[in-house]
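These are my notebook entries on a structure that I had not opened before. I wrote down what I looked up, in the order in which I came to it.

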Amino acid sequence: MYKKYLWLVALWMLCAVPGFAQLQKFCIPGIAPTHHVTSMELSPATTVIDNKGGVSVDTLTAKMYYAFNPDYNVGVEVPFSRYEAPGDSHNGLGDVLLSAQAVQHSEYFDFGVKLDSYLPTANDDSLGTGKWQLAPAVFAVYPVNPNFFVAAGYKQTFSVAGDGSRDHINYGRVRVLFSYMSDAQWWITFDPQYYINYKHAHEAELVWESELGVMVNPGTALYIKPGAHWGGNWRSRDWTLNMGFKILYL
């Protein structure tokens, strides 16, 4: 049922009536997936995997993205994590992410492609997957007006190499994003995500995330991003809390 609704929203976005004009410049830079800016970011996060069992991962991620121009960017994300479980804990480096993205602007909506590559750099099994993963994605953004946009996309993640004793990875993610950006330089998003485990086709999970952020000045932003498991028989987490401090070079 959830999957049906998400695909209907994505179809509506792509087939929206052409009465709305294309609006490339939003009132806050770097929020829309197709709006690239060079940035540096520190993001502490807590992911509670099993609230009753006391299993969680705390992470501090350093993110660096470079925009060659408004249409192309590359990035790297380096996580430092601490895994906590009853009688067990580990600290260290997690799986590093490399990213590249390209966008194209059309008359009524923008669309893009992205490739993420997760490297098996974690120094403990609890801090990473042990697998080199590729994750290609496609997405589109419909700018309703300078303050509001709707976006939808699909991302496929699969392992291609790594520790043979670890589980192979093969799952998809359908994502729909609704974002409002105030003229007062704050924003709020609602971000439901539907995960499909192709390794076990009967498993799926619906996760919600929301983000509330503010531009402190023209080049600095702060945000908080809670999220939680919302439904499904595949449970990757109970809840998450993510925060961020971002410096933008406009």
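Entry 1, strand 11 and its partners. I looked up strand 11 and strand 12 and found them paired in the antiparallel sense over nine bridges, where strands are DSSP runs of E of at least two residues, numbered from the N terminus, and two strands pair if DSSP finds at least two bridges between them. The two form a hairpin with two residues between them, and Glu209 has Gly227 in strand 12 as its bridge partner. On strand 10 I noted that it pairs with strand 11 in the antiparallel sense over 12 bridges, that a hairpin of five residues joins the two, and that Trp186 stands opposite Val214 in strand 11.

I am reading a predicted model, in which local features need pLDDT of at least 70 and side-chain atom pairs count only at pLDDT 80 or more, while totals for chains, interfaces and linings use all residues. Residues are numbered from 1 along each chain as its sequence is written, and side-chain values use heavy atoms, with hydrogens and water left out.

Is Glu203 buried or exposed? I noted it as buried, because its relative accessibility is 19% and the class takes anything under 20% relative accessible area, with exposed meaning over 50% and partly exposed lying in between, for a 1.4 Å probe and protein chains only. Leaving aside neighbours within four places in sequence, Glu203 is in contact (heavy atoms within 4.5 Å) with Tyr195, Ile196, Asn197, Asn233 and Trp234. For Trp234, 31 residues away along the chain, I found a C-alpha separation of 5.2 Å from Glu203.

Four residues lie between strand 9 and strand 10 in their hairpin, and Gln185 in the turn has a positive phi of about 70°.

I found Asn73 in strand 3, residues 72-85, and buried, with a relative accessible area of 10%.

How many cavities of 30 Å³ or more does the structure hold? I found one, a cavity being a set of points on a 1 Å grid over the protein atoms alone where a 1.4 Å probe fits but cannot get out, with lining residues having an atom within 4 Å of a point. About 40 Å³ of space lies in the largest cavity, and its lining includes Pro29, Ile31, Trp187, Tyr223 and Lys246. Strand 12 and strand 13 each supply at least two residues of this lining.

I counted one helix and 13 strands in the protein chain, and 45% of its 250 residues count as buried.

Key. On a 1 Å grid over the protein atoms alone, a cavity is a set of points where a 1.4 Å probe fits but cannot get out, and a pocket is an open set with protein on both sides within 12 Å along at least five of seven lines; lining residues have an atom within 4 Å of a point. Grid points are joined across faces, edges and corners, and a volume is the space filled by probe spheres set on the points.
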